[in-house]
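Hi there,

Here is the structure I promised to pass on to you. Have a look at it first, and then read my notes below.

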Amino acid sequence: MTAYIIRRLLLIIPTLLGIMTINFVIIQLAPGGPVEQAIAQLTGEGGAITERITRSGGGEERLLTAGQDSRTSRYRGAQGLDPEFIEELERRFGFDKPMHERFVLMIGSYIVFDFGESFFRDREVVDLVLEKMPVSISLGIWTTLLVYLISIPLGVAKAVRDGSRFDIWTSVLVIVGNAIPGFLFAVFLLVVFAGGSYLDWFPLRGLLSDDYVGLGFAACATSLACISDYLWHLVLPVAAMVIGGFATLTMLTKNSFLDQINQQYVVTARSKGLSEGRVLYGHVFRNAMLIVIAGFPSAFISVLFTSSVLIEIIFSLDGLGLLGFEAAFARDFPVMFGTLYFFSLLGLLMGLIGDLMYTVIDPRIDFESREV
C-alpha cells in the first residue's frame with residue numbers, strides 16, 4: 001500500500017501542472033485582463049482601484065497627457081493615457097514579462113504556497129481564502145451530510161421495495177428534484193419564504209444576524225441564540241443545494257443494494273433464518289455501501305467548490321464561490337490562480353483519500369496487487 005500511495009502522490013505533480021498550464025494559457029489568451037480592468041476603473045467609475053494605483057504614482061497629472069495619441073496601445077480604453085503610466089501598470093501586474101516567464105515564476109511561488117497579493121483588494125490571497133472558507137465549509141458540510149442522510153435510507157428503502165408504488169413515486173420525486181436547477185430553486189425560496197411576495201420566515205442574506213456578526217467563533221459556539229440564528233440562516237441556501245444533490249446518490253445506493261441482494265450469500269443468510277434487518281444491515285450494507293461511502297471525500301469537495309457558487313451569489317454569502325466569481329470578473333489573477341492551485345491540489349488529495357477508503361471499508365481490496 002505504501003508504494004501505491006507514493007505512486008499516486010507522484011502522479012499528482014504532472015496532473016496539477018497540467019491543470020495549471022491549461023487554465024493559465026486559456027485565461028491569458030482571453031480578452032481583458034488586470035491592466036484593462038485598472039484602466040476601466042481609472043477612466044470610468046474610479047473607486048478603490050484608482051486609489052490603489054495612484055497612491056504612489058506621483059499624482060493624477062501622470063494619467064493624461066495633452067494631445068497624447070495612444071492608438072498604438074494594445075489595451076482597450078487606453079486612449080489619452082500616458083504610455084509611461086501604462087508601462088507602470090504592466091510592471092505592477094507583472095505583464096512586463098513574457099507569458100512563459102510569468103508562468104514559471106507563478107508555479108515557483110505556488111510550490112512553497114506563496115500565492116501573492118490580490119491585485120485589487122490589497123490583501124494576501126491566503127488571508128482572503130481563510131476569511132471566506134468558513135462560509136463555504138458550512139454550506140459544504142451541511143449539504144453533504146443531509147444528502148447522505150437522505151439518499152442512503154431512501155436508496156435502501158427503494159431497493160427493498162423495488163417495483164412497488166413507493167419505488168415509483170419516490171423515483172418521480174427524485175427525478176423532478178434532480179431536474180430543478182439549484183439556483184432556480186434558490187430564487188423560488190427567496191421569493192416565497194424570505195420576504196418576497198409571500199412569507200417572511202427566513203432571512204434574506206448572510207449566515208448571521210447583525211447582532212451576532214461581531215462575535216468570534218468561540219463566543220458564538222457557546223451561545224444557543226447564536227447557534228440557532230446560524231442554523232436559521234442556513235435553511236434556505238442548504239435546501240437549495242440539497243434539492244438536486246441526492247438523486248444520483250439515491251439511485252446509486254438502490255442499484256448497489258439490488259446487486260447485492262441477489263447474491264448467493266444473501267440467500268444463504270436468509271435460509272439460516274436471519275431477520276431481514278440483520279441480512280440487510282449486517283451483510284448487504286457493508287458491501288453495497290463500498291462505492292457510496294468511499295466517495296464521501298470527493299462528494300464533499302464537489303459540493304464545496306462547485307455547487308455553492310451561484311448559491312453564495314444569490315444569498316449574498318461571502319464565501320469562496322463569491323470570491324472566485326468576483327475575482328474572475330475583475331481579472332484578479334492571484335486570487336484566481338491561487339485558489340485554483342490550492343483547491344485542485346486538495347481535490348487530488350481527496351481523490352487519493354477516497355481510494356484509500358475502499359481498503360478501510362473492505363480490506364479485501366488491495367491496490368498494491370494491481371499491475372502498473
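**What I found**

Please keep in mind that this is a predicted model.

Let's start with a pair of helices. Where H6 and H7 cross, the crossing is left-handed. On the H6 side, the contact is made by Leu154, Ala157 and Lys158, while H7 brings Phe166, Asp167, Thr170, Ser171 and Val174. Sorted by class, these residues are four nonpolar, two polar and two charged. To find the helices on your screen, look for residues 125-160 for H6 and residues 165-179 for H7. Their axes are 9 Å apart, and the helices pack at an angle of about 140°.

Next, the cysteines. A disulfide is a covalent bond between the sulfur atoms of two cysteines. How many does a search of the whole structure find? It finds one. The partners are Cys220 and Cys226, with their sulfur atoms 1.8 Å apart. Their link is left-handed, with -90° about the S-S bond. Both Cys220 and Cys226 are buried.

Last, take a look at Pro237, which lies in helix H10, residues 224-242. Is Pro237 buried or exposed? Its relative accessible area is 2%, under the 20% cut-off, so Pro237 counts as buried. Leaving aside residues up to four places away in sequence, Pro237 touches Leu139, Ile311, Phe315 and Leu317. Pro237 and Glu312 are 75 residues apart in sequence, yet their C-alpha atoms are 7.9 Å apart in space.

Enjoy exploring!

Best wishes

Definitions and conventions. Residues numbered from 1 in each chain as written. Predicted model: local features only at pLDDT ≥ 70, side-chain atom pairs only at ≥ 80, totals over all residues. Heavy atoms only, no water. Helix = DSSP H or I, 4+ residues; strand = E, 2+ residues; numbered from the N terminus. Buried < 20%, exposed > 50% of the residue type's maximum accessible area, 1.4 Å probe, protein only. Contact = heavy atoms within 4.5 Å. Axes fitted to C-alpha atoms, helices over the stretch in contact; angles between N-to-C directions. Left-handed = near helix turned anticlockwise from the far one by under 90°. Nonpolar A, V, L, I, M, F, W, Y, C, P; charged D, E, K, R; others polar. Disulfide = S-S within 2.5 Å.
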